[in-house]
Amino acid sequence: IGDSAYVSVTNIGRRPTVDDESYITVESYIIDFDREIYGEQAVLEVHKFLRPIQKFASLKEVKKQVQKDVEMAKIYFQEM
């Protein structure tokens, strides 16, 4: 984003817990980021596959898994 790089976890695929649609989405959660960037251009680099798409019992379960994914991403980028 701009001239800065940030670590994120990204879902590329369907969202089976949220809806039954067949279209593909790309959603990134930028770790430790608190800035309004709507309308700005971002370049996404994919470095590692963490897990396949899953359907969870609730959004609460999704959030718990995203936190696990965030921890895995932090470890991966610390070791790079």
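This report describes the fold, the aromatic pairs and the salt bridges of a predicted model.

## Overall architecture

The protein chain contains one helix and two strands. Read from the N terminus, these elements follow the order β-β-α. Along the principal axes, the C-alpha atoms occupy a box of roughly 35 × 30 × 20 Å.

Of the 80 residues in the protein chain, 18% are buried. The accessible surface amounts to about 6600 Å², and carbon and sulfur atoms contribute 51% of that area.

## Aromatic pairs

Two aromatic pairs are present in the structure. In one of them, the ring centres of Tyr-6 and Phe-33 are 4.8 Å apart and the planes meet at 75°, so this pair is edge-to-face; the angle qualifies because planes over 60 degrees apart are given that name. Tyr-6 belongs to the segment before β1 (8-13), while Phe-33 belongs to the loop between β2 (25-30) and α1 (59-79), so the pair ties together parts that are 27 residues apart in sequence. Tyr-6 has a relative accessibility of 35% and therefore counts as partly exposed.

The other pair is formed by Tyr-76 and Phe-77, whose ring centres are 5.0 Å apart; with the planes at 85°, this pair is also edge-to-face. Tyr-76 is partly exposed at 24% relative accessibility, and Phe-77 is partly exposed with a relative accessible area of 28%.

## An exposed aromatic residue in the loop

Phe-49 is located in the loop between β2 and α1. Its relative accessible area is 65%, so Phe-49 is classed as exposed. The C-alpha atoms of Phe-49 and Ser-22 are separated by 21 Å, and these residues are 27 positions apart along the chain.

## Charges and salt bridges

The protein chain carries 11 positive and 14 negative side chains, and the centres of these two sets lie 8 Å apart. Side chains of opposite charge can pair when their charged atoms come close. The structure has seven salt bridges.

Two of the bridges join helix α1 to the loop between β2 and α1. Lys-74 and Asp-32 form a salt bridge with an N to O distance of 4.0 Å. Lys-74 lies in helix α1 and Asp-32 in the loop between β2 and α1, so that distant parts of the chain, 42 residues apart, are linked. Lys-74 is partly exposed at 27%, whereas Asp-32 is exposed at 68%.

Arg-51 and Asp-69 also form a salt bridge, with their closest N and O atoms 2.9 Å apart. Because Arg-51 is in the loop between β2 and α1 and Asp-69 is in helix α1, this pair ties together parts that are 18 residues apart in sequence. Arg-51 is partly exposed, with a relative accessible area of 25%, but Asp-69 is buried, with 7% relative accessibility.

## Bridges within the helix and in a network

A further salt bridge connects the side chains of Glu-61 and Lys-64, at 3.4 Å from N to O. These residues are three positions apart in helix α1, which means that about one helical turn separates Glu-61 and Lys-64. Glu-61 is partly exposed, with a relative accessible area of 30%, and Lys-64 is partly exposed at 45% relative accessibility.

Elsewhere, salt bridges link Arg-15, Asp-19 and Glu-27 in a network.

Technical notes
Residues numbered from 1 in each chain as written. Predicted model: local features only at pLDDT ≥ 70, side-chain atom pairs only at ≥ 80, totals over all residues. Heavy atoms only, no water. Phe/Tyr/Trp six-rings, centres within 6.5 Å; stacked < 30°, edge-to-face > 60°. Helix = DSSP H or I, 4+ residues; strand = E, 2+ residues; numbered from the N terminus. Buried < 20%, exposed > 50% of the residue type's maximum accessible area, 1.4 Å probe, protein only. Areas by Shrake-Rupley, 256 points an atom, 1.4 Å probe, with all protein chains shown as cover. Lys, Arg positive; Asp, Glu negative; His and termini not counted. Charge placed at Lys NZ, Arg CZ, Asp CG, Glu CD.
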